[in-house]
Amino acid sequence: MSASIIQPVRGMNDVLPTEIGRWQFLERVVRELLHAYGYDEMRVPVVEQTDLFKRAIGEYTDVVEKEMYSFEDKGGERLTLRPEATAGIVRATISNGMLRGARHKLWCVGPMFRHEKPQKGRFRQFHQVDVEAIGFAGPDIDAELIALTAQLWRRLGISRVALQINSLGTAEARRAYRAQLTDYFRAHHAALDEDSQRRLEGNPLRILDSKNPAMQSIIAHAPSLPDHLDAESREHFAALRAALDALGIAYQVNPRLVRGLDYYSRTVFEWVTDALGAQDAVCSGGRYDGLIAQLGGEPTPAIGFAMGVERVVALLEQTGTAPATVGADVYVVAQGDAAVRAALVLADRVREAEPARRVELNLGGGNFKAQFRRADRSGAAIALVLGEDELARGVVQLKSLRDESAAAIEISLATAGQAVANWFKERVR
Ligand code: ATP
Ligand code: MG
């Protein structure tokens, strides 16, 4: 009787060693970049109270209406796998008493969960890099945050992305606009799809964010948000644009960019790409001056964004900036019982001398030919060869695997670690 195979959950992916190189490259660049801009990493739970997301994200959003993985745990608590990270980070700053007028620049990376229809670039478990600046009213931080994302694309070698920005104004100023928008959509009620009809009374701004192609023409003719901006928001937006100009960051003002959530105010932005097909948003964010108070914290202005890791990894695959796999640096070849024992020690010495390099020891024996085949496949730059003869003389052969014409160099077994370190130092320069 053969056991049945357990399938992975639909829309949830394994990231295999054959592609991990790009993920690790991205994570390394992100970590260095956020360090450079003064952001601190923070880690928050993957599960939160369902109410947190309902209150933070808003009832009339795709996420809350249809996409949440919610369940009751054994103690009867209503919990949800996080669909995004902002709510959790804000909750954490409140629960940990971090606000009190203080300012924080925070980031995290990890899996998010949304019950969407899986397709290219859209999954049920996906990853986000999430960045939040809390306690800053802007517009300087708005500009710096966007500059950070522009810098990220440069460091990743990604160029097929374009920036769209908009201002939503304050919640008060939006009220008048909302009334007009409601009138407009009511007049076109029969042409609205089911989602939009439901949102009309709850949050008509959400209709502007509809992805339904049939809705686009009605949306295009709707009253325009920028015409309704309050004076202060207008100034804020002008200052942001001037700062982006000074930074040399190109952008397009997209008056339809709403990011629909109730908590957004003033600045919203999105980086889109034409290189990935339908799922074109790679990084989206905005200012949420009202959210912290809405969740019971003291009123604190804030701005943040989330970047979709899978989509950026897909861009990296196209640019070829980073290798797909992680290869070895040094491969140790050894034959004969005593030589194999000495090779265990040798490999460790090299790892001590060069802690960041991958030193792979041939395991499981094999003749020299088979071992060299493995050495080549490992991607190593050099092989260290230790046979009975070398062991007897207290030496090791250092052989370049990239440059076939280079003769093997004989180095002393006792100082092999240092010799390998020197070999790399001379070539990296
Ligand atoms: P979309 O318009 O693609 O549904 P969204 O507005 O729901 O995106 P956000 O909630 O702002 O997206 O999330 C920020 C980023 O996370 C997006 O720009 C995208 O890159 C990524 N993302 C969102 N949902 C998914 C998903 N289901 N699978 C993969 N990446 C996603
Ligand atoms: Mg979505």
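Predicted model: local features only at pLDDT ≥ 70, side-chain atom pairs only at ≥ 80, totals over all residues.
A residue counts as exposed when its relative accessible area is over 50%, and as buried when that value is under 20%.

Arg100 sits in the loop that runs between α4 (86–95) and β5 (104–113). Its relative accessibility is 67%, so Arg100 counts as exposed. As a rule, most residues other than glycine have a negative phi, and most peptide bonds are trans.

Gly138 and Pro139 are joined by a cis peptide bond, with omega at about 5°. Pro139 belongs to the loop between β6 (125–134) and α5.

Next comes helix packing. Two packed helices are described by the angle between their axes and the distance between the axes. For helix α5 (residues 140–156) and helix α10 (residues 231–247), the axes come within 9 Å and cross at roughly 40°. That angle makes α5 oblique to α10. The crossing of α5 past α10 is right-handed. On the α5 side, the contact is made by Asp142, Ala143, Ile146 and Ala147, while α10 brings in His236, Leu240, Ala243, Leu244 and Leu247. Sorted by class, the contact of α5 with α10 has seven nonpolar residues, one polar and one charged.

Technical notes
Residues numbered from 1 in each chain as written. Chains lettered and ligands numbered in written order. Heavy atoms only, no water. Axes fitted to C-alpha atoms, helices over the stretch in contact; angles between N-to-C directions. Helix = DSSP H or I, 4+ residues; strand = E, 2+ residues; numbered from the N terminus. Parallel < 35°, antiparallel > 145°, perpendicular 65-115°, else oblique. Left-handed = near helix turned anticlockwise from the far one by under 90°. Contact = heavy atoms within 4.5 Å. Nonpolar A, V, L, I, M, F, W, Y, C, P; charged D, E, K, R; others polar. Buried < 20%, exposed > 50% of the residue type's maximum accessible area, 1.4 Å probe, protein only.
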